[in-house]
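Please look at the sequence and the 3D view together before reading on.

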Amino acid sequence: MSHAMACDMARASQTISTGCVASASKARVVGGIRGVSRNVRSQSLHAKYRSQYAGKALSVLKHQSRAEARSANSVTTHAVVADVTTTSAPPRVRHTKGKRVVITGLGVVSPLGNDADEFYNNLLEGKSGISAIENFDAKELTTHFAGEVKELDCSGYVTPKMERRLDPYIKYTLVAAKKGLEYAGLDDEAVNKLDKFRCGCLIGSAMGGMGTFATACEVLQEKGPKKMNPFCIPFAITNMASAMLAMDLGFMGPNYSCASACASGNHCIMNAMQHIQRGECDLMLAGASDAAIIPMGMAGFQAAKALSRRNDAPQAASRPWDQNRDGFVMGEGCGVLVLEELEHAKARGATIYAEVLGGSYTCDAHHMTEPNPSGEGVAHCINLALADAGVYPEEVNYVNAHATSTPAGDLAEYRAINKAVNAAGDHPFKMNSTKSLIGHLLGAAGAVEAVAVVKAIATGWLHPNRNLVDPEPEVNLSQLVGGEKEEMKIKVALSNSFGFGGHNSCIVFAPYEE
C-alpha cells in the first residue's frame, strides 16, 4: 500500500462520498479537503500512520485545542480527484504540538572550514575536504586518508590552557557552539541577558574523547597507573562536551548527551526541539561532535572492513550511489544549531534561517553494522517524521541523505526514501550526500549535515554530489544533484542519519513561514 497522500485522501473520499472512486494507476486525490478545518485535515493525514504503525507517537494531535478547531475554516468538506500529472501537493497543514522551534544560528568545525558560511560555500563549489592523514603516520593502516579538521583557531573560544588539555571533540564543540551563538547575533553581553535556566545544551557524540582514552591506555601500559592523566575519564566520556559548554556559558537548562552512533546528532537536535516545544526552554544548543581520526579509530573501522582503501585518489574515495564505492571515508568535526522558541527569537529581533517541523527515530532490529536491505525501518522512520511534522510526502523536494558510500547502505536508503516520499513514482525531488565532500563524521555527521540543510534553505542552492561517475543502474539520476550546485526553492527538506546498531533518524526542516 502506498505511503503517499493519495491513499490517505482516497480513503477519506470513500468515507465522504460513496461515488468518489478512481483508478490508483491513473488518478489520485490531491489538493486536500478544501475548506476543512486544520484539525480535521491533520487527523486525516495521521489516520493512516496510526493504523499502519500501531499509532507510534502520532497522538500529538490530542494537544490540538478546541478553540483552534473552532477558529479554523469549517466549510463543507469535499474531496477532489485529479490527474497525477497535473496536480501538486496541498499546502502544509500545521498541527499544534506546542511551541514552534526555529533556527537562528549555525556553528560548524569541519574538514571544509570552521565557519558555517565558509563551510557551505566550499560545499557549493564542490571542494573536497579529504586528503592524506597528517596528524599521525598512517602507513601501517590499509587506509591512509581521511577528512581532517585543519587550521582550527580556538582563540577567543577556548583558553590556551584548556586548549592544550582538552580532547579535540570537546574543543570542536566549544568553538562550533560559540560561533553558532555569534551567528545568531548573541554576543557575550546578549548571552548574559538570557534566562540561563531556560537555555540548555544537547551535544552528542558517537565516540567521545577517543583520543584521550587511547592515550590513557598507552600510558597505563607503558608507565603504570601512577602516571595516569587525572582528566582521562572526564575528557573521554561522551557527555563532557555538552557539560563544559554549559559551564562556559552558564546555561542551566537541560544538559545531556545522546550516543546513538552516527545518529547521535539527529537525536540531540530532536530532543532539544522537544524541550522547546514543551515550553521548558527558550533556547537550546544542539548537535554533536566526534574526533576519531586516530590510530585506534582508523584501525578499528579498518578491522570492520568499513573504510574505503582508495589511497591513490583520496578525493575520489567517497562516492555515494556510484558502482565503484568501496566504503566510507572517516571524517571529524562538530555541528551545532541554535534552536529557539519562535516568540523568543522574534522578541529579540533574531534572523530566522529555517524552522524545525518535527522528526522521528526507529530501529532496524536487523544487524550490528548492516542496514536492512528492504529499507523498511528507514521508510517507517521517514513516514513517522512526516506525520510528526504535519506535512505530506509530496511536499518534500529535498533530501540530505545519510549515504555513506558503502555498498549496502546507499541503495537501502535510496529505496526507503522513494518508498516514503515517492510511492507513486512521479514525485520530483532532489537528493545529495554531504559525505561525498567531507567524509563521514560519525556522530557529528547528522549535525553538520543539518547545518548544510539549513544553509540550503536559506541560500536556495543545493551542493553537488561528488564522484558520481558510474551510478547504480537502480538510481534515477533525475533525483540526484549532479556534479555542479543546483538552485532550488526548498519547500520541505529531510535530513537522514543512521547508526551502527540499526538506529534510524529523520528530521524535517522547512523555510520559516508566519
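In which sense do strand β3 and β10 pair, and over how many bridges? Strand β3 (residues 101–109) and β10 pair in the antiparallel sense, over three bridges.

This is a predicted model, in which local features need pLDDT of at least 70 and side-chain atom pairs count only at pLDDT 80 or more, while totals for chains, interfaces and linings use all residues. Residues are numbered from 1 along each chain as its sequence is written, and side-chain values use heavy atoms, with hydrogens and water left out.

**The sheet**

Strands of a sheet pair through backbone hydrogen bonds, either parallel or antiparallel. Strands (E, at least two residues) and helices (H or I, at least four residues) are DSSP runs numbered from the N terminus, and two strands pair if DSSP finds at least two bridges between them. Here ten strands form an open sheet with mixed pairing, in the order β7-β6-β8-β9-β3-β10-β16-β15-β11-β12. At the edges stand β7 (255–256) and β12 (430–432), each with a single partner strand, so one side of each is left without a neighbour in the sheet.

Strand β10 is joined to β16 by eight bridges, and these two strands run antiparallel. Eight of the ten residues of β10 (residues 354–363) are buried (under 20% relative accessible area, where over 50% is exposed and the range in between is partly exposed, with a 1.4 Å probe and protein chains only), so β10 is largely enclosed by the rest of the structure. Gly359 has its place in strand β10 and counts as buried at 7% relative accessibility. The C-alpha atoms of Gly359 and Asn496 are separated by 9.8 Å, although the two residues are 137 residues apart along the chain.

A parallel pairing is found between strand β6 (residues 199–204) and strand β8 (residues 283–290), over six bridges. There, Gly200 stands opposite Met284 in β8.

**The aromatic rings**

A pair of aromatic rings is described by the distance of the centres and the angle of the planes. Rings of Phe, Tyr and Trp (its six-membered ring) pair if their centres lie within 6.5 Å, and planes under 30 degrees apart count as stacked, over 60 as edge-to-face and the rest as tilted. The structure holds four aromatic pairs, among them the two in this table.

| Pair | Centre to centre | Between the planes | Arrangement |
|---|---|---|---|
| Phe231 and Phe235 | 5.0 Å | 10° | stacked |
| Phe301 and Phe500 | 6.2 Å | 50° | tilted |

Phe301 lies in helix α11 (residues 295–303) and Phe500 in the loop between β15 and β16, so the pair ties together parts that are 199 residues apart in sequence. Phe301 counts as buried at 12% relative accessibility, whereas Phe500 counts as partly exposed at 35%. Ring pairs also link Phe301, Phe328 and Phe500 into a cluster.

**The largest pocket**

A pocket is found on a 1 Å grid over the protein atoms alone, as an open set of points where a 1.4 Å probe fits, with protein on both sides within 12 Å along at least five of seven lines, and its lining residues have an atom within 4 Å of a point. The largest pocket has a volume of about 620 Å³, the volume being the space filled by probe spheres set on the points, which are joined across faces, edges and corners. Of the 39 residues that line this pocket, the closest to its centre are Thr369, Pro371, Thr404, Thr406 and Phe500. At least two lining residues each come from α14 (409–421), β15 (492–499) and β16 (503–510), and α14 gives the most, with four residues.

**Two backbone angles**

Most residues other than glycine have a negative phi, and most peptide bonds are trans. Trp321, which is not a glycine, has a positive phi of about 65°; Trp321 has its place in the loop between α11 and β9 (333–341) and is buried, with a relative accessible area of 1%. Asn467 has a positive phi of about 70° although it is not a glycine, and Asn467 is found in the loop between β13 (461–462) and β14 (486–487).
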